[in-house]
Amino acid sequence: MQQNQSIMITNPFIINGEIPTEYFCDRKKESKNIVQMLTNGENICLMSPRRMGKSKLIQFCYEQEPLHSDYYCFYIDIYHTTSLREFTYTFGRQVFNTLKSKSRKMTLWFVQALKSLSADFGFDPSTGMPTFSVSLGDVSRPEFTLEEIFKALEQADKPCIVCFDEFQQIANYPEKNIEALLRGHIQHLGNANFIFSGSSRHLLTQMFHSYTHPFYNSTSTLVLGPIDLNEYIRFATHWFNHFSKQIDAAIIRQVYQLMESNTYYIQKTLHELFENTNPGGTCTIDQLPTIIDNMIEEQSTSYKQLLSMISDRQKEVLFAIADEGKAEKIMGAQFIRRYSLPSASAVQSSVKKLLEADFVTFFDGVYTIPDVLFRMYLKRIGGKE
Ligand SMILES: Nc1ncnc2c1ncn2[C@@H]1O[C@H](COP(=O)(O)OP(=O)(O)OP(=O)(O)O)[C@@H](O)[C@H]1O
Ligand SMILES: [Mg+2]
């Protein structure tokens, strides 16, 4: 996320990759708060529903002072990792790559610190800098390597911030002691603070709020909410006008409400509206249904895949909740009759699985499908696919 003015942006509503600071909407309070907490030595658990903007917010915070100048900030996305070995490999590689762009001295020193790897780092003869030529298989003793990485951070010449994004992933590793192992290292570090972020409220709450888990009470939890509507209106209007296009605040408001304030879906819709408005022209609302159809169509393969992972009985309950929107008393006779469900106990066991998989959330007696586009899709196919 660099302030690189030379990048030619043709659409200011960025939906893929890094967001240069000027195209990043708001999050002033949130970023100030996060930077303050980290520089005060706190560790943070950052949660939100999917696509609310956690990962981009963390990267935005890393660009703020004093983090940008006075800290080493590491961002490690562990979404694709499935074992301690992969975790360690991804962590080590990311620390290496970040240090390489910041400090030659620290990079060389980090390479020295990783003694347990059964391979040597390569060297780029043109720069004299090491290259990360280590492969996953070279991490033959991940517990030792992990310890070496943490030790290196502890001894770095600047304080460190480490974000493990999609942290809930560690719950799926085959090794059973990962939470305790990480907690053991982290609690002894004086030179590093951590952000654990993810969208699985279910798993993260268990890890950080259940007293039987090692991370219990070890972090301050932040739940990231939506971007404020007025901030978004200001942002979107500004960028339309900047490119000599007009948009009525009422359209932005309508998109915001339709997308239930989900940052990505709003941003994606505005991206399309912007693209379909000619310079000198005014954005019209009549394109909206087609844009939404296309968005659902784009996602339909992955939605089908998701549905193929659950049983027919779970699907029936999911369709019923989608149809209801906000579903209450789903184990009651009325709900069961309305959707021809088999029995209260069948609904109970199905919804348990749906909650665990984050297809459904439960709050204040109400079951909902948090992903608004997925809900639209389910309503459209109405259980018939
Ligand atoms: N402050 C912002 N300004 C403009 N667009 C934003 C902002 N924050 C997020 N976005 C948009 O939303 C998308 C999703 O953001 P991000 O990847 O940070 O969400 P997330 O909460 O990490 O999602 P997931 O739970 O899927 O990991 C971004 O690619 C971008 O298009
Ligand atoms: Mg993310």
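# Exposure, helix packing and local backbone features

Arg 51 counts as partly exposed because 19 other C-beta atoms lie within 10 Å. On this scale, a residue is buried if 20 or more other C-beta atoms are within 10 Å of its own, exposed if there are 12 or fewer, and partly exposed in between, with the C-beta atoms placed from the backbone. The model is predicted, so local features need pLDDT of at least 70 and side-chain atom pairs count only at pLDDT 80 or more, while totals for chains, interfaces and linings use all residues. Residues are numbered from 1 along each chain as its sequence is written, with chains lettered from A and ligands numbered from 1 in the order in which they are written.

## Backbone features in loops

Arg 51 sits in the loop between strand 1 (44-47) and helix 2. Helices and strands here are DSSP runs numbered from the N terminus, with helices (H or I) of at least four residues and strands (E) of at least two. The phi angle of Arg 51 is near 60 degrees, which is positive in a residue other than glycine.

Asp 358 also has a positive phi, about 60 degrees, and is not a glycine. This residue belongs to the loop between helix 15 and strand 9 (361-363).

The loop between helix 2 (54-62) and helix 3 (67-70) contains Pro 66. The peptide bond that leads from Glu 65 to Pro 66 is cis, and its omega is near 5 degrees.

| Residue | C-beta neighbours within 10 Å | Class |
|---|---|---|
| Asp 358 | 18 | partly exposed |
| Met 295 | 18 | partly exposed |
| Glu 328 | 12 | exposed |

Met 295 is part of helix 12 (residues 288-308). Apart from neighbours within four places in sequence, Met 295 is in contact with Lys 268 and Leu 373. Two residues are in contact if their C-beta atoms, placed from the backbone, lie within 7 Å. Between the C-alpha atoms of Met 295 and Thr 269 there are 8.5 Å, and the two residues are 26 residues apart along the chain.

Glu 328 belongs to strand 8 (residues 327-328). If residues up to four places away in sequence are not counted, Glu 328 touches Gly 365 and Val 366. Val 351 is 23 residues from Glu 328 along the chain, and their C-alpha atoms are separated by 12 Å.

## Helix 4 and its surroundings

Helix 4 (residues 84-102) has 19 residues. From its first C-alpha to its last, helix 4 reaches 27 Å, close to the 27 Å expected at 1.5 Å a residue. The expected span is 1.5 Å times one less than the number of residues.

Among the buried residues of helix 4 are Leu 84, Phe 87, Tyr 89, Phe 91, Val 95, Phe 96 and Leu 99. The list of buried residues also includes Arg 85, Thr 88, Gly 92 and Thr 98. An α-helix has 3.6 residues a turn, so residues three or four places apart point the same way. The buried residues of helix 4 pack against strand 2 (72-77), helix 5 (104-113), helix 6 (142-154) and helix 7 (178-186).

The axes of helix 4 and helix 5 are 6 Å apart, and the two helices pack at an angle of about 150 degrees. Helix 4 is therefore roughly antiparallel to helix 5. Axes are lines fitted to C-alpha atoms, for helices over the stretch in contact, and angles run from 0 to 180 degrees between N-to-C directions. Angles under 35 degrees count as roughly parallel, over 145 as roughly antiparallel, 65 to 115 as roughly perpendicular and the rest as oblique.

On the helix 4 side, Val 95, Phe 96, Leu 99, Lys 100 and Lys 102 meet Met 106, Thr 107 and Phe 110 of helix 5. This contact of helix 4 with helix 5 comprises 5 nonpolar, 1 polar and 2 charged residues. In this count Ala, Val, Leu, Ile, Met, Phe, Trp, Tyr, Cys and Pro are nonpolar, Asp, Glu, Lys and Arg are charged, and the others, Gly among them, are polar.

## Two further helix pairs

Helix 13 (residues 312-324) and helix 15 (residues 344-356) cross at roughly 85 degrees, and their axes come within 9 Å. The two helices are therefore roughly perpendicular to each other. Arg 313, Gln 314, Val 317 and Leu 318 of helix 13 meet Ala 346, Val 347, Ser 350, Val 351, Lys 353 and Leu 354 of helix 15. By class, the contact of helix 13 with helix 15 has 6 nonpolar, 2 polar and 2 charged residues.

Helix 9 (residues 229-242) packs with helix 10 (residues 249-258) at an angle of about 130 degrees, and their axes are 10 Å apart. That makes helix 9 oblique to helix 10. Helix 9 contributes Leu 229, Tyr 232, Ile 233, Ala 236 and Thr 237 to the contact, and helix 10 contributes Ala 249, Ile 252, Arg 253 and Tyr 256. The contact of helix 9 with helix 10 divides into 7 nonpolar, 1 polar and 1 charged residues.
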